Amino acid sequence: MDQEVELKLELSREAADAFQQLPLLPEDVQRAELRAIYFDTRDRQLQKSGYTLRVRKSGKKRVQTVKADDGGQGGGIFARAEWEMPVASDEPVIDSRTPLAAILGDAAEMVEPAFEVEVERRTWIVKEGAAEIELVLDRGWVRAGERQAPICEAELEIKTGEPAALFSLARHIEATVPVRLGVVAKSERGYRLLASAPSCFKAEPVTLNAGASAQEAFATIVRACVRQYRLNEDLLLDQYDPTALHQARVAVRRLRSALTLFKAKLADQDVTRFREDLRWLARLLGEARDLDVLIERIDLGGLHEQISEARAVVHGRVIEALHSPRARTLMLDIVEWLTLREGDSNHDEGAEAFAAGRLQHFHHWMVKHAARLAKLDDEHRHEVRKKAKKLRYAAEFFASLFAGKKQQRRYGRYVEALENLQDELGALNDLASTGTILARHGLPIDAELSGSARSKKKLLAAAEDAYEALADMKGFWR
């Protein structure tokens, strides 16, 4: 078994043409036409188990590769176990040399082709300082039945040296060619073609290993947030969809919450390094989200048309900003920071103890500051709402550390109570912010949209009931 460590960069077809003219590329380049068949059972047992199986043909040579995925939480750096061996035909060999025989059992006989990948590959060996890096440019297609999707990506794999060299080389590339952090393996692209096209990507469950340190938990959580953001960013760049924008915004909020949660574990410069860019991105997406939500509450007519026009302008600003170097390189910056700081957790406290302390702290704050919600002004209720979101994200981040049956039952009840409180506070925030949103875009204030005193009183009563239910909950982390 080998360990593959690579950085993936996505680029457009036009950028790929410019990529091949980069001065840093040596003249010696290898060219190959690659065709890979990916296999699985009809009920996707390999995918569910976290493995991929392919047979790749290049010329007359065929190589079978089994890879263990990273649970979808690689967030830019792919570090995966893999098993390779030559094979005589396109038929895979499933035996004791890889984990697949034990995983599939009798179902090994049911393995069949699932999708194919065909790419033109160009490979260079690049020196970056003392490191040697294999730099690959792949252009082609992944196909499943009648459906297909393009592939245009660069892969940087360390042959000798330290991972820092990957990012140094990526910076040299990005200075000339616009690239984005890649978070999707070719196998994942293929599996997507076997399902309905997604309109958005919600946060995937975060799995923290038992015995992990707080620093290791932080890295896993942040990588998961980066992955969620990049998946939805790609959807937005392809075709604007309000649900994709919402989930991209959620990913940014989760990322900012992770920095807050782990602030005590981070150097001040680490916390502040990304704060301004993440705040900028959150505000940009938030402005568009506000109008996406508001227009759903408006009947067709004059105000609906005015909001629609303002919304189109804001949508245009979002797409323009996402194409900027500031947005394009932000996630690459974050993954570089994470990668280069890993390995410093030998003397760190355990993630479970850290998580329990932070969850208790946030819960105590909610119980103290959310009491008597009806007496709070709109600004303070909004602060409670933001803290409720952070507590929700923290609960989701750390849930896998408290896996006992009793803890999981408590977790389900706790998150449900927290969601109910968030819903009521969100409705109150909509009432309070509608006028501000309309005024910001020079639109007339609609008294009906701002709600009556009666409707606000009803929402406050529901919010107080939701708060009482949460305050009575036993923490699942205890």
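Contact, as used in this report, means that heavy atoms lie within 4.5 Å. The structure is a predicted model, in which local features need pLDDT of at least 70, side-chain atom pairs count only at pLDDT 80 or more, and totals for chains, interfaces and linings use all residues. Residues are numbered from 1 along each chain as its sequence is written, and side-chain values use heavy atoms, with hydrogens and water left out.

Phe-39 belongs to strand S2 (residues 30-40); helices (H or I, at least four residues) and strands (E, at least two) are DSSP runs, numbered from the N terminus. With a relative accessible area of 3%, Phe-39 is buried, a term that means under 20% relative accessible area with a 1.4 Å probe and protein chains only, whereas exposed means over 50% and partly exposed lies in between. Leaving aside its neighbours within four places in sequence, Phe-39 is in contact with several residues, among them Leu-46, Val-55, Pro-113 and Tyr-191.

Because six of the eight residues of helix H5 (residues 186-193) are buried, the helix is largely enclosed by the rest of the structure.

The structure holds 15 aromatic pairs. Rings of Phe, Tyr and Trp (its six-membered ring) pair if their centres lie within 6.5 Å; planes under 30 degrees apart count as stacked, over 60 as edge-to-face and the rest as tilted. The rings of Phe-115 and Tyr-191 have centres 5.1 Å apart and planes at 75 degrees, so this pair is edge-to-face. Phe-115 lies in strand S6 (residues 112-128) and Tyr-191 in helix H5, so the pair ties together parts that are 76 residues apart in sequence.

**Nonpolar cores**

A nonpolar core is a set of buried Ala, Val, Leu, Ile, Met, Phe, Trp, Tyr and Cys residues joined through side-chain atoms within 4.5 Å. The largest has 126 residues, and Phe-262 is among those that touch the most other members. Helix H6 (residues 214-238) gives the most to this core, with 13 residues. A second, separate core of 15 residues includes Leu-46 and Val-55. Ring pairs also link Phe-262 into a cluster with Phe-218, Phe-274, Trp-337, Phe-354 and Phe-398.

**Charges over rings**

A charge sits over a ring if NZ of Lys or CZ of Arg is within 6 Å of the ring centre and within 35 degrees of the ring normal.

| Charged residue | Ring | Distance from ring centre |
|---|---|---|
| Arg-13 | Trp-141 | 5.7 Å |
| Lys-387 | Trp-365 | 4.9 Å |
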